[in-house]
Amino acid sequence: MGATHSIVDAKRSSPSPGGDPTGRQPASTAALLGPHAPSFAAVVVLQVVGAVAGLAPLFAVIELGRALVSPGPVDTERVWTAVALGATGLFVRLVFTGASSGLGHVLDGRVQLSLRRALARSLGQAPIGWLARRRSGELARVVGDDVAAVHPFIAHAPGELVSAFVVPLVSLAYLLTVDWRLTLITLIPVALALAHVPLLMTAARTREQRDFDAAMGRIATSVVEFVQGIAVVKAFGGAERAHHRFRTAADEFVDIFTHWVRGVSAVAAGMQLALSPPFVLLVVLTGGTMRITSGDLVPVDLLPFLLLGLGLTAPVAALGHGFDDMQAAGRAVGRIREVLGVGVLPQPACPAIPRDNRVELRDVRFGYDDGPEVLRGIDLTLEPGTLTAVVGPSGSGKSTLGQLLPRFFDPTHGSVRLGGVDLRDIDARELYRRVSFVLQDVRLLRASVADNIALAVPHATAEQITRAARLAHIHDRILALPNGYETVLGQDATLSGGEAQRIAIARALAADPPVLVLDEATAFADPRTDQAVRQTLSTLRDRTVLVIAHRLETVADADQVVLLENGVVAARGRPTDLLARDGTFAAFWRTRQEDLSR
Ligand SMILES: Nc1ncnc2c1ncn2[C@@H]1O[C@H](COP(=O)(O)OP(=O)(O)OP(=O)(O)O)[C@@H](O)[C@H]1O
């Protein structure tokens, strides 16, 4: 199908070892941000220059103080130079921090755009099997919220954090030249605040933080469950129960939060007190008075300590403020890296062309991730011009088997061949030109009916589209829609489950594929769709068709039936022969008939 062209049209990459082809390593943060390094550097340099220039007014005030208290007449030139320097510093600060912030936000926009492009590329190349297993909300969150969460990381952190360290360092260097002993005294509040940090990192605090995060997660899940499932839950009279679950999660969160706050608040209050301006001024004034009374410091030299001392606490405060944002951004980057690291199915260096449309499975074994084997040594041939029906109990591996033909996954052992060529040696475009599929879980795009049908053949003519719709017995229904083939699904009209299924069948047939895999839906089965599927299948007799069959009529029409049980072929043959043999298949058939007649 069309969507799969772009999805599987992947660059060659290292082969993946198992069913879940995640051969690529998660991209490192440096690799993600590397191309923007020069702009990052510019943001930081502009911010640092701006922040250091911002100290000029303070130095100007210090200089003014010195000029005014020095004996003799006031040196007006010295005064005006200080004023001019202070004003220039302010202006430079305004221009440079403004430029840094502007560039930071432009950079943020660029990084977000390139991350979203990279994510779109990665999702486009990810194996369909990998995508099918992800909940759509999960991927939407990565491309939307997680990329947006990177904002403070890019636009604010580099400049603000660097200047929060550079400015105090410059101040410190200056204060040391004035009086190193009073400088050390001025650092007492910072030392006191830092002494609190280990108290925030004890095993108990870490455990509390973990409990807090887990409780946040539980409350988020129960809210989503409650809101998303409310219709179903209500319909089955369970609204009270669901509400109760939500309330319990909320109450539990309050308990954990109170406990956490109790533990953290005393420490946080201690830190805040140590860093508060009154405390810093008290320490500096006490120290300064002692130095002045002992005759080691002239009073005017206390001025720089009073003005610059307050700024020395900035790094500790900046670390505290930005920490949560940075942590959230870090987690978001982790999820982005995971999606960017999804492996692509390896593509052949020298693709081979299948000689016909015979499908062969040779000793095929497959398991999802590290789970148990779902298919255990399948040998099967699908001859061109025949219809094979796969049947079996739920969970026996039917859908998994069907998904190996369009190469959603590669088998962990053995091979799937088309026209004598291993699927791994066939170019993705060639494969999807030949193999089309209809899944149980039909996904239609918010686009016109015609575009939905022509997904695999974007340049399809109106006749091609109509022919496919007629084959799928949905043409008349489409004509009855408000704008016929131009009706936008989900906007101008909504289709029933059975109708959506028939559109999906038309989509699969539009490309006129010689091999078709059809996972018969049971969820939306309605008599019209049943009939349409049967009639469609009967017109496809010149192709290689594999149907994961749930209806006994489909099974009876098949040229070959394969009964899967627990991942192995329990019976295979013509339906009439198998029934006559009165073995496993006959028993299965009778049970299904009894189930249906109940
Ligand atoms: N994406 C997946 N990840 C992990 N395990 C899976 C996945 N899909 C299916 N399985 C497991 O593989 C086994 C076979 O599933 P499969 O869907 O192929 O069976 P099935 O015969 O088609 O069942 P049904 O008739 O109910 O659709 C089951 O145990 C199932 O839990």
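**View 1. The span of residues 266–290 in the predicted model.** An unreviewed UniProt entry lists residues 266–290 under "transmembrane region", together with residues 40–62, 82–107, 161–178, 184–204 and 302–323.

**View 2. The span of residues 40–62, which the unreviewed UniProt entry also lists under "transmembrane region".** For residues 40–62 the end C-alpha atoms are 34 Å apart, and the span is computed to be 91% helix and 0% strand.

**View 3. The open sheet formed by four strands.** The strands follow the order β2-β1-β4-β5 with antiparallel pairing, and the edges are taken by β2 (373–382) and β5 (421–422), each of which pairs on one side only. Strand β1, made up of residues 359–367, runs antiparallel to β2 and is joined to β2 by seven bridges. One of the residues to look for here is Gly367, whose bridge partner in β2 is Glu373.

**View 4. The shell of twelve residues around the ligand.** Among these twelve residues, Tyr368, Ser394, Lys398, Ser399 and Thr400 come nearest to the ligand. Helix α17, which covers residues 398–404, supplies the largest share of the shell, namely three residues. Sorted by class, the shell holds eight polar residues, two charged residues and two nonpolar residues.

Conventions: Residues are numbered from 1 along each chain as its sequence is written. This is a predicted model: local features need pLDDT of at least 70, side-chain atom pairs count only at pLDDT 80 or more; totals for chains, interfaces and linings use all residues. Two strands pair if DSSP finds at least two bridges between them. Helices (H or I, at least four residues) and strands (E, at least two) are DSSP runs, numbered from the N terminus. A residue is near a molecule or strand if its C-beta atom, placed from the backbone, lies within 6 Å of it. Ala, Val, Leu, Ile, Met, Phe, Trp, Tyr, Cys and Pro count as nonpolar, Asp, Glu, Lys and Arg as charged, and the others, Gly among them, as polar. UniProt positions are given in the numbering used here, feature names are shortened, and annotations may be inferred rather than shown by experiment.
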